[in-house]
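This report examines one model through its confidence scores, its interfaces and a selection of local features. The structure is shown below, and the discussion begins with a single side-chain contact.

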Amino acid sequence: MTAAATKEAKLEELRELISEVLEIEPEELTNDGNFVNEYEADSLRAIEILARLEKKYKVEIPQGELPRMENLNAVYEVLAEFTNEQV
Amino acid sequence: MRRVVVTGLGPVSSIGIGVSAYSQALQEGVSGVSPITSFDATGFPYSIAGEVHDFDPEQLVKRIETEEWGRTSLFAASAARLAVADAGIDEDELARSRAGSCMGTTAGESQVLERMAADRLSAGYAELDPRLSRKLSAARVSQAVNRELRLTGDAVTLSTACSASNYALGYAFDLVRSGEADYMLAGGADSVCRWAHAGFYRLGALTEKACSPFDANRSGIITGEGGAALFLETLESATARGARIYAEVLGYGLNCDATHMVAPDKDSIADCIRLAHKNAGIEASSVDYICAHGTGTQSNDAVEAGAVAEVFGEQPPPMSSIKSMLGHTMGAASGHGAIASALAINESFLPPTINFSTPDPALPAIDPVPNWAKAARVDVAQVNGFAFGGNNAIVVLGSAA
Amino acid sequence: MTDTMAITGLGVLSGAGIGAPALAGALSAPQTTDVSEMFEEPLPGGQAHALADFKVRDHLGRKGTSFYDRSTAFGVVACQEALADSALEVDDENRTRVGIVLGTTAGSVKSSWDYTTETLTQERPYLVNPVLFPNAVMNCTAGQAAIRHNLRGPNATVAGGPLAMLNVLRYSRNLLNCGYADALLSGSIEEFGPQEAWRVHHAQSLEGGDLLPGEGAAVFVIESAEAVRAAGRTPDVEVLAVETGVFDPASAGSGLADGLTLCLSRALERAGVTAGQVSTVATAANGMTRLDEAEEAAINAVLGSDVPRLEVKEATGETSSASGALQLAALLARHRGGEAGDGDISVITSRDEEGAAGAAVIRGWNRAHGDNG
């Protein structure tokens with residue numbers, strides 16, 4: 001798989017995971033849609049997203065990263081940093 | 001309506017069991033936290049709690065069989081037994097009276113549940129011990145009090161999470177003042193457990209070493225446990241039997257945020273404070289001390305201080321958090337707070353907020369009574385209790401003099 | 001009497017289905033459901049009185065509900081049904097005066113149990129789901145119901161086990177009488193699941209019974225009877241008296257019977273009702289011989305052996321903390337269905353293994369007749 005395809009696949013995986021937490025359909029979640037402003041997320045949902053990432057990808061992401069994780073792209077980037085993957 | 005007073009106190013806590021030990025610890029600013037022993041904390045990054053290591057129910061209860069009851073019920077029964085002894089009322093007379101109990105809890109018999117969940121993993125559901133299963137009901141937390149003291153009135157367990165003791169105290173107050181009961185034991189109990197420890201850690205609400213409410217660098221709660229009981233009777237009955245009166249219950253307020261399950265709501269809490277004052281028949285200006293909910297999380301303390309500033313203006317009364325000493329005793333927390341406040345009124349001191357080093361410039365100006373207790377006359381004390389589910393409950397106690 | 005409560009709305013879920021007619025139907029023709037596919041974990045039996053096909057989305061939509069546990073879903077739906085069934089309109093003028101009081105045994109035991117299990121089986125003990133944490137706490141249902149229906153009055157959860165509904169009624173009466181609230185959604189809930197099924201199984205095994213587990217919730221809109229009548233409205237049911245207490249269950253079996261006798265007598269006295277006026281007793285009979293015998297002894301002593309018994313658990317199974325709520329709902333359903341006469345007085349009795357006992361006296365009417373007291 002090309003790097004772009006890998007990224008696309010990971011984004012789709014994350015879209016699935018995050019939309020479940022936000023109680024929306026995956027296709028409703030855009031790459032740069034702000035979780036709080038556009039999908040009514042709150043701090044509890046944000047921590048839930050972080051917790052699910054940690055469980056699924058076996059990484060540790062400090063809660064200090066939460067403010068950055070405001071949309072799908074940003075979550076992808078944070079996850080990539082903590083799994084040492086190529087962004 | 002009859003006037004209702006507190007004539008007996010029964011604290012079972014990590015900083016002291018019984019009223020004199022507890023009062024002394026509050027005045028000395030003792031910390032009750034220590035490494036967790038009640039469950040295997042291996043794998044948890046943070047592993048301290050406010051456990052009551054000295055708790056020996058065999059030494060405290062006289063009637064109920066300790067092996068038939070869970071830890072939380074035993075905390076409740078022990079606290080009630082201490083409160084009755086402190087009140088100096090004849091046990092047989094109490095048992096013959098219209099008397100009952102109302103106890104608050106967050107997690108009920110959490111250690112029983114955890115034992116069952118572990119047994120199920122190792123042996124399966126079918127092999128679970130039916131006698132253990134029977135201990136699971138949270139109704140037993142108040143039933144243990146009635147059974148221990150042979151009380152034949154109400155046994156009510158209010159499971160409104162971390163403000164539950166205030167709910168219980170409020171309801172017991174109403175039952176006595178309306179004439180439904182003549183004596184009530186009110187308070188709460190909870191036990192340290194894995195799932196709460198894990199949940200608070202995962203929420204980012206748990207701190208590693210020391211709970212430092214209202215401090216700029218506060219970083220969360222430390223889970224705690226214990227039991228709290230207050231003995232309530234009418235002013236008339238207390239006076240007639242020459243009982244020592246710690247405080248009068250003036251009233252309480254209840255409301256619900258109805259906005260979020262875990263995030264507190266400043267305006268709603270301010271409303272609850274005003275409601276409590278109104279029901280107690282007092283003005284905000286007459287409050288001398290606030291026993292804060294003061295969990296030590298960024299969010300609670302900011303919201304609580306904000307709500308207090310909204311109601312009291314620029315110079316609110318001193319507001320300290322005994323959770324800095326005990327940890328967060330959950331369903332017993334506001335009961336421990338009510339006992340501390342009754343002692344503050346009766347013994348003229350303000351319990352401190354320990355572990356305090358740096359005032360938070362982001363908070364409204366409050367006096368958290370940093371690190372050392374202060375001598376002060378307290379005629380009216382307000383006990384704050386907030387909880388998951390937006391369950392706010394605030395009790396107002398006053399000097400009975 | 002100034003301190004009686006009026007029930008002006010009902011929301012009920014039981015193994016028989018949603019609504020009063022389903023419950024009334026089950027009272028005459030009890031049925032069980034195949035529950036063997038409901039959970040991955042083993043159950044003590046394949047049949048129960050459960051709402052096997054219940055999906056919260058069907059009733060409340062997806063948003064805000066996907067992390068509800070079963071108890072929460074039941075409670076929030078029952079509150080919604082109760083509001084819809086009543087004339088109570090909640091708006092910004094009165095939402096701080098409308099509260100919620102819900103009964104339970106230990107919350108959603110499945111939720112706290114599963115949370116604990118995660119701490120024991122995950123790679124690290126703290127790898128739990130934050131969004132599920134509130135579910136593990138017993139006041140989750142009442143808090144979520146307040147959010148869903150935007151009710152800002154007193155919000156309480158009472159852990160009473162089998163006595164929960166009677167505790168809830170007494171607590172509710174106090175909130176109304178002391179002026180903390182003008183209207184309440186008061187009820188009680190129990191969910192079916194592996195933990196509850198096994199808990200019932202084990203409890204029955206200790207007491208020599210074999211009743212199947214059930215589940216359900218009933219929530220009632222409760223207001224001051226005086227206020228309802230003053231507003232020209234009519235109650236469906238008037239709760240005339242509720243008495244509870246705790247007695248020694250071990251004193252040769254008679255402690256509980258004597259205790260329930262006392263509660264029952266006190267309740268009749270406070271209701272201003274004589275034994276001869278009671279037309280039905282909705283009992284808590286559940287096949288636990290020792291407790292059933294104590295309950296029968298008390299009923300016989302106070303009301304005599306001729307008063308018809310309505311054994312609600314034959315229709316609902318063992319619903320623990322929902323028991324009293326379903327007993328009350330069953331009586332109300334009979335009035336709705338015309339099987340009970342207008343103005344008939346009924347009694348609800350309750351007891352548990354620890355010696356708690358209680359009784360309520362109620363009076364009901366058929367809503368269509370509109371001549372309620």
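In this predicted model, the side chains of Thr295(B) and Thr297(B) are joined by a polar contact of 3.2 Å. Thr295(B) belongs to the loop that runs between strand 10 (289–291) and helix 12 (298–312) of chain B. Its relative accessibility is 7%, and Thr295(B) therefore counts as buried, the limit being under 20%. Leaving aside residues up to four places away in sequence, Thr295(B) touches Cys211(B), Gly220(B), Ile221(B), Asn300(B), Asp301(B), Lys323(B) and His328(B).

**Confidence and annotation**

The model scores are ipTM 0.98 and pTM 0.97. For chain C the mean pLDDT is 95, with 97% of the residues at 70 or more.

Unreviewed UniProt entries supply annotations for each of the chains discussed here. In chain B, UniProt places "domain: Ketosynthase family 3 (KS3)" at residues 1–399. That span is 36% helix and 19% strand, and its end C-alpha atoms lie 18 Å apart. In chain C, the feature "domain: Beta-ketoacyl synthase C-terminal" is placed by UniProt at residues 259–332. Here the chain is 57% helix and 12% strand, with 26 Å between the end C-alpha atoms. In chain A, UniProt gives a "coiled-coil region" at residues 4–56. This span is 72% helix and 0% strand, and its end C-alpha atoms are 21 Å apart.

**The interface of chain C and chain B**

Contacts between these chains involve 69 residues of chain C and 74 residues of chain B. Together the two chains bury about 6,000 Å², of which 63% is on carbon and sulfur atoms. The rule finds eight salt bridges across this interface, as well as 28 residue pairs in polar contact, both residues being at pLDDT 80 or more. On the side of chain C that touches chain B, the elements giving two or more residues are helix 4 (109–121), helix 5 (140–149), strand 6 (155–159), helix 6 (164–177), helix 7 (194–207) and strand 9 (237–246) of chain C. Helix 4 of chain C gives the most to that side, with nine residues. Arg140(B) and Glu354(C) meet through their side chains in a salt bridge of 2.8 Å, N to O.

**The interface of chain B and chain A**

Six residues of chain B are in contact with seven residues of chain A. The area buried between the two chains is about 530 Å², and carbon and sulfur atoms give 51% of it. Within chain B, Arg202(B), Leu203(B) and His260(B) lose the most area to chain A, together 80% of what that side buries. The rule finds one salt bridge across this interface, and three residue pairs are in polar contact, both at pLDDT 80 or more. Arg202(B) also forms a salt bridge with Glu54(A).

**Salt bridges**

Over all chains, a search of the whole structure finds 59 salt bridges.

| Residue | Partner | N to O distance |
|---|---|---|
| Arg202(B) | Glu54(A) | 2.8 Å |
| Lys58(A) | Glu123(C) | 3.4 Å |
| Asp271(B) | Arg274(B) | 3.3 Å |
| Arg367(C) | Asp85(C) | 3.3 Å |

Arg367(C) is partly exposed, at a relative accessible area of 33%. Salt bridges that share partners also join Asp154(B), Glu180(B), Arg170(C), Arg173(C), Glu243(C), Arg266(C) and Arg270(C) into one network.

Lys58(A) forms its salt bridge with Glu123(C). Because Lys58(A) lies in the loop between helix 3 (43–57) and helix 4 (72–83) of chain A, and Glu123(C) in the loop between helix 4 and helix 5 of chain C, this pair joins two chains. Both Lys58(A) and Glu123(C) are exposed.

Asp271(B) and Arg274(B) both lie in helix 11 (residues 266–280) of chain B, three residues apart, about one turn of the helix. Asp271(B) is partly exposed at 31% relative accessible area, and Arg274(B) is partly exposed at 36%.

**Positive phi angles in chain B**

Arg150(B), a residue other than glycine, has a positive phi near 55 degrees. Arg150(B) is placed in the loop between helix 7 (140–149) and strand 6 (155–158) of chain B, and its relative accessibility of 32% makes it partly exposed. Met330(B), which is not a glycine, has a positive phi of about 55 degrees. Met330(B) is in the loop between helix 13 (323–326) and helix 14 (333–347) of chain B; with a relative accessible area of 6%, Met330(B) is buried.

Notes. Residues numbered from 1 in each chain as written. Chains lettered and ligands numbered in written order. Heavy atoms only, no water. Helix = DSSP H or I, 4+ residues; strand = E, 2+ residues; numbered from the N terminus. Buried < 20%, exposed > 50% of the residue type's maximum accessible area, 1.4 Å probe, protein only. UniProt positions renumbered as here; feature names shortened; annotations may be inferred. pLDDT = per-residue confidence, 0-100. Contact = heavy atoms within 4.5 Å. Buried area = accessible area lost by both parts, 1.4 Å probe. Salt bridge = Lys/Arg side-chain N within 4 Å of Asp/Glu carboxyl O. Polar contact = N/O pair within 3.5 Å; in protein donor to acceptor, adjacent residues only side chain to side chain.
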